[in-house]
Amino acid sequence: MNIQGPALRLTIFIGETRQWRHRPLYHEIVHRAHQAGLAGASVIRGIEGYGVSDHIHTTRILSLSGDLPLEIIIVDSAEAIRAFLPQLEELVPEGLAVVEPVEVVRHAGRTVSPPERTGRTEEAEKTEGTS
């Protein structure tokens, strides 16, 4: 999907240790965004922050934190973002999510060429390289 022009940016702030059914919550959010066909999602780890708990989480060695802040950023059309919001209600009962208007000026991916076919299997090529 290629988007351009007016769009929405959904940013979700959670702690790194948050789980959803024994998996990292950020992983579940990204996979659900992908399944919903949203244009893209990125997870960014913060080096320091605090939220509702008022406890500062940091990477500084003297105050090691096991719960660094994460930002999950998703940009897509207003319709697509708004349609995705009910899933966040289920996944993120605590935390912060913001929606902001943005203008997409470039959204292009690179075209990936299929790998060259040599007629040999990958396993045979690996074996040949180690002989």
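This section describes the sheet, the helices packed on it and the nonpolar core of a predicted model. Local features were taken at pLDDT of at least 70 and side-chain atom pairs only at pLDDT 80 or more, whereas totals for chains, interfaces and linings use all residues. Residues are numbered from 1 along each chain as its sequence is written, and side-chain values use heavy atoms, with hydrogens and water left out.

Helices (H or I, at least four residues) and strands (E, at least two) are DSSP runs numbered from the N terminus. Four strands form an open antiparallel sheet in the order β4-β7-β1-β8, where pairing requires at least two DSSP bridges between two strands. On average, neighbouring strands are turned by 20° against each other, direction ignored. Axes are lines fitted to C-alpha atoms, for helices over the stretch in contact, and angles between N-to-C directions run from 0 to 180 degrees.

Strands β4 and β7 are joined in the antiparallel sense by five bridges, and Val-43 stands opposite Ile-72 in β7. The antiparallel pairing of β1 with β7 comprises eight bridges; Gly-15 faces Pro-69 of β7. Buried denotes under 20% relative accessible area, exposed over 50%, and partly exposed the range in between (1.4 Å probe, protein chains only).

Helix α1 packs on the sheet with contacts (heavy atoms within 4.5 Å) to β1, β4 and β7, and its direction makes about 5° with that of β7. Helix α2 lies across β1, β7 and β8 and runs at about 20° to β1.

A nonpolar core is defined as a set of buried Ala, Val, Leu, Ile, Met, Phe, Trp, Tyr and Cys residues joined through side-chain atoms within 4.5 Å. The largest has 17 residues, and Ile-12, Ile-29, Ile-74 and Val-92 have the most contacts inside it. Two or more residues each come from β1 (5-15), α1 (25-35), β7 (69-76) and α2 (78-91). Not counting residues up to four places away in sequence, Val-92 touches Ile-12, Ile-14, Leu-25 and Ile-29.

Glu-28 is located in helix α1 and counts as buried because its relative accessibility is 12%. Apart from neighbours within four places in sequence, Glu-28 contacts Trp-20, Arg-23 and Leu-91.
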